[in-house]
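User: Please show the sequence and the structure. I would then like to ask some questions, one at a time.

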Amino acid sequence: MERRIAPPASREALLDKLVEAMKLFDTKAKALVYAAALGWHLGEPREVEGRGEGIRVSVFQSSGDAGFVDALAVAQTKDLRVLGSEREEERVTVFEQFAAAGLEEMQRRCIDQQGDPLMTLLEMSYDARKSSEESTNDGIVPGLLRNLLG
């Protein structure tokens with residue numbers, strides 16, 4: 001059986017709202033990728049308590065997002081061996097933990113507070129980019145590169 005990437009069960013309604021009602025993301029997979037990137041920026045992975053409905057890993061592969069899942073795991077573990085096929089579970093778990101942190105922040109800022117959710121997502125993206133270190137010409141953030149290279 002193929003591994004599935006799942007949000008916390010407590011955030012299923014949020015994902016449905018972001019994708020289906022608000023139309024802020026095309027798919028739940030894209031919303032999870034954004035949430036994981038936000039979670040990475042926040043630097044606060046969260047344990048996933050109760051797994052929600054999972055999305056096949058192949059969905060992330062076919063959309064080109066599996067590379068992000070892998071890069072996040074390498075950055076977090078600082079170990080390129082995490083890319084081995086025998087460590088897929090670990091890579092997915094890292095992604096899920098950062099997505100859980102990002103979803104928590106998205107709930108707090110986009111849903112629980114007043115304001116336009118789209119503008120809030122854009123502000124969070126801008127703030128994350130602004131607070132990160134300057135990019136190199138290749139688009140690689142030096143801090144992430146330092147993490148990868150140890």
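User: Which residue meets the side chain of Asp-65 in a salt bridge?
Analyst: A salt bridge is a side-chain nitrogen of Lys or Arg within 4 Å of a carboxyl oxygen of Asp or Glu. In this predicted model, the pairing distance for Asp-65 is 2.8 Å, N to O. Asp-65 lies in the loop between α3 and α4 and its partner in helix α2, so the pair ties together parts that are 35 residues apart in sequence. The partner is Lys-30.

User: At what pLDDT do side-chain atom pairs count in this predicted model?
Analyst: Residues are numbered from 1 along each chain as its sequence is written, and side-chain values use heavy atoms, leaving out hydrogens and water. Local features need pLDDT of at least 70 and totals for chains, interfaces and linings use all residues, whereas side-chain atom pairs count only at pLDDT 80 or more.

User: Is Asp-65 buried or exposed?
Analyst: With a 1.4 Å probe and protein chains only, buried means under 20% relative accessible area, exposed over 50%, and partly exposed in between. Lys-30, at 33%, is partly exposed. Asp-65 has a relative accessible area of 10%, so the residue is buried.

User: In which helix does Arg-91, the partner of Asp-70, lie?
Analyst: Helices here are DSSP runs (H or I, at least four residues), as are strands (E, at least two), numbered from the N terminus. The side chains of Arg-91 and Asp-70 form a salt bridge of 3.0 Å, N to O. Asp-70 belongs to helix α4, 21 residues away in sequence, and Arg-91 to helix α5.

User: What is the angle between the ring planes of Trp-40 and Phe-98?
Analyst: Rings of Phe, Tyr and Trp (its six-membered ring) pair if their centres lie within 6.5 Å; planes under 30 degrees apart count as stacked, over 60 as edge-to-face and the rest as tilted. Four aromatic pairs are found in the whole structure. Trp-40 and Phe-98 form an edge-to-face pair, with 5.4 Å centre to centre and a plane angle of 65°.

User: How many residues does the largest nonpolar core have?
Analyst: A nonpolar core is a set of buried Ala, Val, Leu, Ile, Met, Phe, Trp, Tyr and Cys residues joined through side-chain atoms within 4.5 Å. In soluble globular proteins, nonpolar side chains tend to be buried together. Those with the most contacts inside the largest core include Phe-60, Phe-95 and Met-106, and its number of residues is 32.

User: What is the area of the nonpolar surface patch that includes Met-119?
Analyst: Met-119 is found in helix α6 (residues 117-131) and is partly exposed at 42% relative accessibility. Areas follow the Shrake-Rupley method with a 1.4 Å probe, and for residues only the protein chains shown count as cover. Together with Leu-118 and Leu-122, Met-119 makes a patch of about 270 Å².

Technical notes. Patches are made of residues with over 30% relative accessible area and no salt bridge: like charges are joined within 9 Å, nonpolar side chains (Val, Leu, Ile, Met, Phe, Trp, Tyr) within 5 Å.
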